[in-house]
Amino acid sequence: MELIQEIYEYLQLGKAKKVKALVQEALAENLDPKVILDEGLLAAMMDLGLKFKNNEVFVAEVLVAANAMHAGMNVLEPRLSAVGAEPVGRAVVGTVQGDLHDIGKNLVIMMLKGAGIETYDLGVDVETAAFIDKAEETGADIICMSALLTTTMIRMEECTAELQKRGLREKYILMVGGAPVTESFAEKIGADYYTPDAMNAAEVARKAVFKKKKGQH
Ligand code: B1M
């Protein structure tokens with residue numbers, strides 16, 4: 001069986017060790033890390049998501065698949081994040097309060113690192129204030145919020161309000177994303193940028209930091 005197809009199938013079965021070994025094998029065979037990610041790991045997780053929606057699989061199965069996804073992503077990370085020494089800017093990144101989904105957030109971190117942005121991973125279930133506190137503590141340029149549930153994306157609006165309350169709204173670039181988030185939602189809550197995927201998030205973040213440093217934020 002083709003390696004990418006095997007990664008796809010073993011990920012859906014939640015076989016973390018096997019997925020890790022297959023990703024290592026694929027890299028050793030010089031397959032493009034982006035193809036391994038998109039056509040192997042991500043495609044499997046997206047298709048599993050559909051099965052989950054249709055009640056064909058249960059939370060427990062999605063959870064073990066997510067573990068396998070992490071195992072594969074850990075192997076890919078050094079290749080996706082390879083970058084020069086001087087950081088372009090700094091970002092704090094987390095999944096909003098009440099939300100435990102971290103695969104997309106971790107991908108955003110990998111891509112930001114790859115774009116030369118130093119990142120601080122706040123993890124999941126992050127209180128709004130903690131995003132801002134960490135940004136203040138680290139001298140970050142960007143606050144990146146990820147949400148996967150329609151019930152948790154409201155936390156992003158809380159962030160724009162809290163930044164305004166603290167007189168910090170102009171100091172930070174606020175980026176939002178995650179499956180239920182849309183451009184119009186981002187606009188409505190007053191975020192600076194929305195991107196549909198991690199690759200775009202990194203590109204947009206890089207450009208936004210350059211603009212900010214020229215005083216154009
Ligand atoms: Co959850 N879950 N889940 N889940 N889960 C979804 C999100 C859901 C759409 C499934 C479904 O019903 N079809 C649904 C949400 C429905 C809704 O709100 N509209 C759902 C639900 C309901 C739930 C629970 C409530 C289920 C339950 O308990 N009954 C529960 C909630 C727990 C909680 O958070 N409080 C729950 C739990 C879980 C697991 C723990 C089992 C597991 C998470 C494990 C983990 O993350 N460690 C899980 C998973 C894996 C999923 C699905 C299947 C896959 C999510 C994922 O990782 N996708 C998901 C179905 C789906 O999305 N199709 C589903 C791959 C990932 C790469 O994509 O995170 O979207 P994503 O990231 C993308 C972009 O969105 C973007 O970049 C990435 C791609 O490059 N992006 C950004 C993300 N963040 C960004 C930030 C940016 C920019 C781009 O800028 C800052």
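## Helix H5

In helix H5, the buried residues (buried meaning under 20% relative accessible area, with a 1.4 Å probe and protein chains only) are Ile103, Lys105, Asn106, Leu107, Val108, Ile109, Met110, Met111 and Leu112. Because 9 of the 12 residues of H5 are buried, this helix is largely enclosed by the rest of the structure. Helices here are DSSP runs of H or I with at least four residues, and strands are runs of E with at least two, numbered from the N terminus.

This is a predicted model, in which local features need pLDDT of at least 70 and side-chain atom pairs count only at pLDDT 80 or more, while totals for chains, interfaces and linings use all residues. Residues are numbered from 1 along each chain as its sequence is written, and side-chain values use heavy atoms, with hydrogens and water left out.

## Around the ligand

Of the 36 residues around the ligand, those that come nearest are Leu100, His101, Asp102, Ser146 and Ala198, where near means that a heavy atom of the residue lies within 4 Å of the molecule. Helix H3 gives the most to this shell, with 6 residues.

A polar contact is a pair of N or O atoms within 3.5 Å. One nitrogen atom of the ligand is 3.0 Å from a polar backbone atom of Gly98, and a polar side-chain atom of His101 lies 2.8 Å from a nitrogen atom of the ligand. On the backbone of Thr150, a polar atom is 3.0 Å from an oxygen atom of the ligand.

Note on methods. A polar contact is a pair of N or O atoms within 3.5 Å; within protein, one must be able to donate a hydrogen and the other to accept it, and residues adjacent in sequence count only if both atoms are side-chain atoms. Buried means under 20% relative accessible area, exposed over 50%, partly exposed in between (1.4 Å probe, protein chains only).
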